[in-house]
Structure formats: C-alpha cells, structure tokens
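User: Please take a close look at a single chain in this model, and at the part of that chain which meets its partner. A connected account would be appreciated.

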Amino acid sequence: MNELKIATRNDVTAFQPGQEISGAAGWKLDKKVDWIEIRLFWYTDGKGTEDVQVVDTIRFDNPLQEAAEPYRLVAPDFPYSFSGTLISLMWAIEIVLASGSDAARVDLVIAPKAEEIKLTPHAGP
Amino acid sequence: MRARDNPFSTSRVLKLRYRLPPDGMESLLSRLEQLRFHAAIVGPHGSGKTTLMQDLTPGLRARGFSVHYHHLGETRRRIDPEWRSDLAARVGPGDCLLLDGAEQLSSWDWWRFRRQFRRAGGMVLTTHGPGRLPTLATCKTSPGLLAELLRCLVSWPEEEIQSVAETFHARHQGNIRDALRALYDQEARMGTEPCGPRTA
C-alpha cells in the first residue's frame, strides 16, 4: 500500500495572504509512478454544488519510490477562508499521485489575521 | 452552524452510496450484460437513480468500457451539442454512455440520440418512467432507507432518527434528496437559533 504524507512547518495551518507556506511531503510507493504533485487548492462545502480550484502546484516527475521533499508556496491573496450557514470555503494542501488513486492533505486557513471569516446572519438595518 | 460542520453538507451526502445487498452490484452488472448493456434505471425524483448509475461506473470500466457521463435536468434539458458531436464522431463498441435524466428528451430528441449513438457498446439511462430502454432497476425509497442514511450522517438517538425519517420521508413524498436538503436547513437554523424539536 502506498504511503503519502504532507505536513506544514511546525504544523502551522493558518496563514495570512502573502505569507509563505512551507513544509515537507514524503512518499513510499509500491511501484513507480510518472509524477507526484503537491497542490494548493480551495474548495467549498455546504448546501449547494461543490466547487474546487487548484491555484498552485509543484510537480515531481519520475519520482523515486521512496523520498521526502521540502516545498515552499505563497498563500494567495484571495479568496479568504470563510464560513456561513450556507457555504464554507476552505483551503488545503495535498500530495497526490499521477493515478489519482492516493492522496493525503492538510486543511489550511488563509485569511487576514490568519483566522477564518465567519459570516453571521444580519437582521437588517 | 458553519456550513462545513453541517452533517448534511454536500460532501457528506455525496459519500452515501446506493444501498444494494452484498452481491447486488455484481448481479446488477450481470443483468445489464444480459440486456447487452442497454438499459434504464427508473424511479421518481430523489430515489437514488443518479447514485446507482454512478456506482455502476467501476464495474463497467472493469468490463473494458470507456464510460461517458452526461447529465440533463430542469436547467439543462438538451444534450450539450459539443459533447454530442465530439462523442458521436468516435463512439464504438468500447464506449458506454450514461445519460442521466433521459426523461428531459422529447421523443424526437431521444430517437436522434439513439440513432446517433447506435454503435455504442453500452447505454444506460436514468428516467422517471419505464419504456425508453429495458428496465435494469427500479429505485424506491422508504422511511427505513432514510433512517439508514441518517445513521451514516448523524449520531442522534435511534428514536429520533426513526421519527425524523418518518416525518421527512412523508413531507417530501419520498424524495430523499429534498429531505436531506431540508434537514441541512434545519441543522443550519438550529445552530443559530434556540433548539427545538427536529421534527417540528
């Protein structure tokens, strides 16, 4: 069975836009694959259709079957992590195999003050 | 309650798969093979037709098919012309088309579709009524089924699960999708308002 791991430096998972996101990813594979990618992406969850957008990737072509690699990315300026009652937008970083069969990920918060924005119902003027 | 914490959020609901007996998928695929891979999954709104169709995909791929999925619904009643022309030009015995929402097609459009894709090795539809292709499966729901799904999503007391399942199944005329959406709204409200009984 393939083993995939990804972690952020010092296990920090909340960032402000523009801040560096760094850490390491490691893998131990049953057989060789064409490539492995680290992806920084956001996705939504809630009542409606899910949405997902990959905003940055680091690709390792013809990787060794067992290795660990550092990574360094920058937290994008937008969109911010937020949650309301109907929709949440979340960021994550994942390591994924070319086959798409295996992945591991860490959820992140990217927003001013490195805190998820909470949308609350507004009673009106 | 934050949307991502709602037990009825889309990501959690989509993880629920069609309920079949242990050897149900294999016998369904065998039956589909007997029907020369041309068949329909029939049932009313929110009865699991789309889920069952999606769950057939790995079995079809294991039988060597390239699977092509297309969804029609109330906001998209016609087949995407680009999808149609691209696929029609190269479709063959190794292709299986999954057409979700075939009831949206008029008789004329259905005839055209069948003719255009007559070389396809497989064609599976979901539709509200029988007739367009031989029926592979008829999807039905029950309060018991909704209760089974609720047990996968929440850890409420059994009595409450039974009661909610009865109430919401009846209120939404057996439409499980609508029932789960209504439960989403109810959970969202309960996170911001004083708690009341879920079946109120």
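Analyst: Read along the sequence, chain A of this predicted model follows the pattern β-β-β-β-β-β-β-β-β-β. In other words, chain A has ten strands and zero helices. The C-alpha trace of chain A spans about 60 × 30 × 20 Å along its principal axes. Chain A comprises 125 residues, of which 21% count as buried. Among the contacts in chain A that link residues at least 6 apart in sequence, 67% are between residues at least 24 apart.

The contact with chain B draws on 14 residues from chain A and 13 residues from chain B. On the side of chain A that touches chain B, strand 4 (35–46) and strand 8 (87–97) of chain A each supply at least two residues. Strand 8 of chain A gives the most to that side, with three residues.

Helix 6 of chain B covers residues 143–153, and its buried residues are Leu146(B), Leu149(B) and Leu150(B). Viewed down the axis of helix 6 of chain B, these buried residues fall within an arc of 105°, and therefore they line one face of the helix.

Note on methods
Residues numbered from 1 in each chain as written. Chains lettered and ligands numbered in written order. Predicted model: local features only at pLDDT ≥ 70, side-chain atom pairs only at ≥ 80, totals over all residues. Contact = placed C-beta atoms within 7 Å. Helix = DSSP H or I, 4+ residues; strand = E, 2+ residues; numbered from the N terminus. Buried ≥ 20, exposed ≤ 12 C-beta atoms within 10 Å, placed from the backbone. Arc of directions from axis to C-beta.
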